[in-house]
Amino acid sequence: MNYQPVSFKDKFAKFSEHWSPRIIAQMNDYHFKIAKIQGEFIWHDHPETDEVFIVLKGRLEIQLRAGNVLLNEGEMFVVPKGVEHKPVAVQECHILLVEPAGTVNTGDVVNERTAANDVWI
């Protein structure tokens, strides 16, 4: 067992791609994923699970059909399962996602934004 802290700064320095989550830790059946995002994502949902967005750097808007949620650095929001949403970041934003292992970033939608799943960094 490796008893070392995980450095967000070090992990973010290892990649540059946007919208490509990387797993940095696992707790039980949950993955902690970091991602660099910029621009608009796609409308999607996760029918089987909630999804946690934590903003580590920058600003993130989560568009929902019922209204938008604006997250600043140090804030988080839980998108309930089955709720359609679209993340948007005008400037590059660094986020931490918490979701069950195996969760695909685009839900049931498969397109050019669908990232390889289960990529550790």
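Reply: Glutamine 63 counts as buried because its relative accessible area is 16%, where buried means under 20%, exposed over 50% and partly exposed in between (1.4 Å probe, protein chains only). The model is predicted, so local features need pLDDT of at least 70 and side-chain atom pairs pLDDT 80 or more, while totals for chains, interfaces and linings use all residues. Residues are numbered from 1 along each chain as its sequence is written, and side-chain values use heavy atoms, with hydrogens and water left out.

Glutamine 63 belongs to strand S4, which covers residues 59-64. Helices (H or I, at least four residues) and strands (E, at least two) are DSSP runs, numbered from the N terminus. Beyond its neighbours within four places in sequence, glutamine 63 is in contact (heavy atoms within 4.5 Å) with Trp43, Asn68, Glu84, His85, Lys86 and Val88. Two of these partners, His85 and Val88, have numbers that fall in strand S7 (85-100). Proline 100 lies 37 residues from glutamine 63 in sequence, and the two C-alpha atoms are 22 Å apart in space.

Read from the N terminus, their order is α-β-β-β-β-β-β-β. Of its 121 residues, 41% are buried. Among contacts between residues at least 6 apart in sequence, 65% join residues at least 24 apart. The C-alpha atoms fill a box of roughly 45 × 30 × 25 Å along the principal axes.

On a 1 Å grid over the protein atoms alone, a cavity is a set of points where a 1.4 Å probe fits but cannot get out; a pocket is an open set with protein on both sides within 12 Å along at least five of seven lines; and lining residues have an atom within 4 Å of a point.

By this rule there are two cavities of 30 Å³ or more. The largest cavity holds about 110 Å³ of space. Its lining includes Trp19, Phe41, His44, Glu51, Pro87 and Asn105. Strands S2 (30-40), S3 (51-57) and S7 (85-100) each supply at least two lining residues, and S7 gives the most, with three. By class, this lining has nine nonpolar, two polar and one charged residues. Here Ala, Val, Leu, Ile, Met, Phe, Trp, Tyr, Cys and Pro are nonpolar, Asp, Glu, Lys and Arg are charged, and the others, Gly among them, are polar.

The second largest cavity holds about 70 Å³. Among the residues around the second largest cavity are Pro21, Ile23, Lys33, Glu99, Asn105 and Asp118. Pro21 and Asn105 line the largest cavity as well. The lining of the second largest cavity counts six nonpolar, three polar and three charged residues.

The largest pocket, an open space, has a volume of about 150 Å³. Its lining is made of Met1, Asn2, Gln4, Pro5 and Val6. Three of the pocket's lining residues are nonpolar, two are polar and none is charged.

Conventions. Grid points are joined across faces, edges and corners, and a volume is the space filled by probe spheres set on the points.
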